[in-house]
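Welcome! Take your time and find each residue as you go.

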Amino acid sequence: MEIIGWVGTTLVIIAYGPQIYHLWAARCAWGVSLWMWSIWLVSSTFLLTYSWFRSEMLFVIVQCVNILAIAATILLTRRSNQICPYHRGVTRDKSGE
Ligand SMILES: [Zn+2]
């Protein structure tokens, strides 16, 4: 049964990949809400504390992964200083220019 938990943990790591890579490589934070990620960071900290006191080691690991990925997202978003060509195109399409 534990394999299900590890598959879930692996998918959490994979899910963050494209966003963090885009922030890192393109320095583009288009569509990233710092407010939402900050709430997520607080939420993960609470869930980490809860899992720790319940001795749920799998969830402790998942929340540690979450906190690291969220912190990386927030730091890279604050560092980002441009909109990549792809997202410039998306912005232009939506405004109808
Ligand atoms: Zn972009």
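Let's start at Leu58, a residue of helix H3. Leu58 is partly exposed, because its relative accessible area is 23%, which falls between the 20% limit for buried and the 50% limit for exposed. Leu58 and Trp6 are 52 residues apart in sequence, yet their C-alpha atoms are 7.8 Å apart in space. Keep in mind that this is a predicted model.

**How confident is the prediction?**

- The average pLDDT of the chain is 92, and 96% of the residues reach a score of at least 70.
- Where is confidence lowest, and where is it highest? The lowest mean, 81, belongs to helix H4, residues 85-95, while the highest, 97, belongs to H2.

**A nonpolar patch on the surface**

- Which helix gives the patch its largest share? That is helix H1, spanning residues 2-26, with 6 residues.
- Leu11 counts as exposed because its relative accessible area is 52%, and the cut-off for exposed is over 50%.

**Aromatic rings that pair up**

- A pair of aromatic rings is described by two things: the distance of the centres and the angle of the planes.
- How many aromatic pairs does the structure hold? There are 2.
- One of them joins Tyr16 and Trp37, with 6.1 Å from centre to centre and 45° between the planes, and this pair is tilted.
- Tyr16 lies in helix H1 and Trp37 in helix H2 (residues 34-53), so the pair ties together parts that are 21 residues apart in sequence.
- Trp37 also pairs with Trp40: their ring centres are 5.3 Å apart and their planes meet at 25°, so this pair is stacked. The reasoning rests on a cut-off, because planes under 30 degrees apart count as stacked.
- Trp37 and Trp40 are 3 residues apart in helix H2, so about one helical turn separates them.
- Through these ring pairs, Tyr16, Trp37 and Trp40 are linked into a cluster.
- Trp37 counts as buried because its relative accessible area is 9%, and buried means under 20%.

**A charge over a ring**

- Another tryptophan to find is Trp24: the charged end of Arg79 sits over its ring, 5.0 Å from the ring centre.

**Two loop residues with positive phi**

- Arg27 has a phi near 50°, a positive value in a residue other than glycine. Look for Arg27 in the loop between H1 and H2. At 31% relative accessibility, Arg27 is partly exposed.
- Ser55 is not a glycine either, and its phi is positive at about 55°. You can find Ser55 in the loop between H2 and helix H3 (57-79). Ser55 counts as exposed because its relative accessibility is 55%.

Terms used
Residues numbered from 1 in each chain as written. Predicted model: local features only at pLDDT ≥ 70, side-chain atom pairs only at ≥ 80, totals over all residues. Heavy atoms only, no water. Helix = DSSP H or I, 4+ residues; strand = E, 2+ residues; numbered from the N terminus. Buried < 20%, exposed > 50% of the residue type's maximum accessible area, 1.4 Å probe, protein only. Phe/Tyr/Trp six-rings, centres within 6.5 Å; stacked < 30°, edge-to-face > 60°. Lys NZ or Arg CZ within 6 Å of the ring centre and 35° of its normal. pLDDT = per-residue confidence, 0-100.
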